[in-house]
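Open the model in your viewer and keep the sequence panel beside it. The tour goes from one selection to the next and says what is there at each stop.

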Amino acid sequence: DEEDTLRRSTRLRRPSLTIATSSYKLHHHFLLVIILLLNSLTLTQQQGITFGGVLNLDRCYSAMQNAQTDQTISRSQYVTFIQELANNQFQSFRFDAETNTYGNFPTTDFNSFPEQIRQEFNKHACGGENFICEQAYLYTEGTAPNDPLPDPQTEVYLYQVCEGVESAIEETLPKTEKPTGSPTTSSPTVAPSPAVNVVEETV
């Protein structure tokens, strides 16, 4: 009788253990989502934060809005998105209709971007850096000033897009030379030499 009673109590306990385990997993998953959300909100609320000196979240959202149609960004619109963030510094040799000449002009073709820039689009639009899909779009819901607040998953997605794009721009953007030559030119140093000559003449 005692053995039967023990078996029955064990059977009754098993469902509670299963429920407790399932509850723990859900609670753990919920905490992870909350941590990601809080991290994203903290970065979003810091208006002055910059990533590599290239962009901030507000500017990224603004560039998304300028490039999007119906809250999506296609491959061709992605070019507009990137070039606004990079100040049109990605250039390629092509024919320019406005000037009717060939030369280095701002890139207007997706495939003319560096590989890392293209991979960022593929990662967020197709699910992987090396994945290519026909119906590929970035989603911009939640980036317009009048949009309702995005849900946590959307907010994390938008942050990851902006952060990934910024990193790609920073690593692949052509480095422009700073005008370090002008301070070392002879214009400020030429002045003393006539003064020396004048002193020598008076002597």
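**Aromatic rings**

The structure holds 7 aromatic pairs. Rings of Phe, Tyr and Trp (its six-membered ring) pair if their centres lie within 6.5 Å; planes under 30 degrees apart count as stacked, over 60 as edge-to-face and the rest as tilted. Select tyrosine 78 and phenylalanine 81: the ring centres are 6.1 Å apart and the planes meet at 50°, so this pair is tilted. Both residues lie in helix 3 (residues 75-85), 3 residues apart, which is about one turn of the helix. Helices (H or I, at least four residues) and strands (E, at least two) are DSSP runs, numbered from the N terminus. Tyrosine 78 and phenylalanine 81 are both buried. Buried means under 20% relative accessible area, exposed over 50%, partly exposed in between (1.4 Å probe, protein chains only).

This is a predicted model, in which local features need pLDDT of at least 70 and side-chain atom pairs count only at pLDDT 80 or more, while totals for chains, interfaces and linings use all residues. Residues are numbered from 1 along each chain as its sequence is written, and side-chain values use heavy atoms, with hydrogens and water left out.

Tyrosine 78 lies in helix 3 and phenylalanine 121 in helix 4 (residues 115-126), so the pair ties together parts that are 43 residues apart in sequence. Tyrosine 78 and phenylalanine 121 are both buried.

Now show Tyr78, Phe81, Phe110 and Phe121 together; ring pairs link them into a cluster.

The largest nonpolar core has 31 residues, of which Met64, Tyr78, Phe81, Ile82 and Ile169 touch the most other members. The elements that give two or more residues to this core are helix 2, helix 3, helix 4 and helix 5. Helix 5 gives the most, with 8 residues. A nonpolar core is a set of buried Ala, Val, Leu, Ile, Met, Phe, Trp, Tyr and Cys residues joined through side-chain atoms within 4.5 Å.

**The disulfides**

Select the cysteines next. The structure holds 2 disulfides, a disulfide being a pair of cysteine sulfur atoms within 2.5 Å. One of them joins cysteine 60 to cysteine 162, with an S to S distance of 2.0 Å. This pair links distant parts of the chain: cysteine 60 in helix 2 (residues 57-67) and cysteine 162 in helix 5 (residues 152-172), 102 residues apart. The link is left-handed, with -90° about the S-S bond. Cysteine 60 is buried at 0% relative accessible area, and cysteine 162 is buried at 0% too.

Another disulfide joins cysteine 126 to cysteine 133 (S to S 2.1 Å). The torsion about its S-S bond is about -85°, so this disulfide is left-handed. Are the two cysteines buried or partly exposed? Cysteine 126 counts as buried at 19% relative accessibility, whereas cysteine 133 counts as partly exposed at 23%. With the bonded cysteines numbered in sequence order, the pairing is 1-4, 2-3.

Move to strand 2 (residues 91-96) and strand 3 (residues 101-106), which run antiparallel and are joined by 6 bridges. Two strands pair if DSSP finds at least two bridges between them. Glutamine 91 has proline 106 in strand 3 as its bridge partner.

The hairpin has 4 residues between the strands, and asparagine 100 there takes a positive phi near 60°. Asparagine 100 counts as exposed, at 56% relative accessibility. Then select asparagine 88, in the loop between helix 3 and strand 2. Asparagine 88 has a positive phi of about 60° although it is not a glycine, and it counts as partly exposed at 40% relative accessibility.

**The whole chain**

Finally, zoom out. The chain has 7 helices and 4 strands, in the pattern α-α-β-α-β-β-α-β-α-α-α along the sequence. Of its 203 residues, 31% count as buried.
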